[in-house]
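The sequence and structure are shown first.

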Amino acid sequence: MSSHYETIDQYIRAYPGEVQERLGMLRRLVHETVPEVEESISYQMPAFRYKGKILLYFAAYSNHIGVYATPRANEAYADQLATMGFKTSKGTIQLPFNKPIPVELLCDIARFKASSIEEDKKAGGKL
């Protein structure tokens, strides 16, 4: 895989077809859930900004896609993620290639994160 990406399109094209489909699905999911997002590459991963703050990142690995929506979002959905059998760490959700993408749950997480960004901006704080 390339080690330098300038766009999300470049990032997605660097992977095999099946992985491209999953990455494309995640990209569409983010845009449909929070239409105001802006795309970028950050830390050489696809990143989505909302109101100037990172909404989430994602990255492809050999057996999964990692979704990075911050510890606050993972904590809020810890029970659902555990019930569905997804491996998580402090700020990461692993979506294995052998399981369906949990579309509704990821939409909920994106909405939660967007709402958190809005609340934080109103309060004048930082995430």
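## Lining of the largest cavity

Helix α2 gives the largest share of the lining of the largest cavity, three residues; helices (H or I, at least four residues) and strands (E, at least two) are DSSP runs, numbered from the N terminus. The residues that line this cavity are L26, L29, V30, L56, F58, V67 and L106. Two or more of the lining residues come from each of α2 (17-33) and β3 (53-60).

By class, the lining comprises seven nonpolar, no polar and no charged residues. Here Ala, Val, Leu, Ile, Met, Phe, Trp, Tyr, Cys and Pro count as nonpolar, Asp, Glu, Lys and Arg as charged, and the others, Gly among them, as polar.

## Basis and cavity volume

The model is predicted: local features need pLDDT of at least 70, side-chain atom pairs count only at pLDDT 80 or more, and totals for chains, interfaces and linings use all residues. Residues are numbered from 1 along each chain as its sequence is written, and side-chain values use heavy atoms, with hydrogens and water left out.

The structure holds one cavity of 30 Å³ or more, and the volume of the largest cavity is about 40 Å³. A cavity is a set of points, on a 1 Å grid over the protein atoms alone, where a 1.4 Å probe fits but cannot get out; lining residues have an atom within 4 Å of a point. Grid points are joined across faces, edges and corners, and a volume is the space filled by probe spheres set on the points.

## Surroundings of H31

H31 is found in helix α2. Beyond its neighbours within four places in sequence, H31 is in contact (heavy atoms within 4.5 Å) with V37, E39 and F48. The side chains of H31 and E39 make a polar contact (2.7 Å), that is, a pair of N or O atoms within 3.5 Å, of which one must be able to donate a hydrogen and the other to accept it; residues adjacent in sequence count only if both atoms are side-chain atoms.

H31 is partly exposed, with a relative accessible area of 29%; buried means under 20%, exposed over 50% and partly exposed in between (1.4 Å probe, protein chains only).

How values were computed
1 Å grid on protein atoms, 1.4 Å probe; cavity = no way out; pocket = protein on both sides within 12 Å on 5 of 7 lines; lining within 4 Å.
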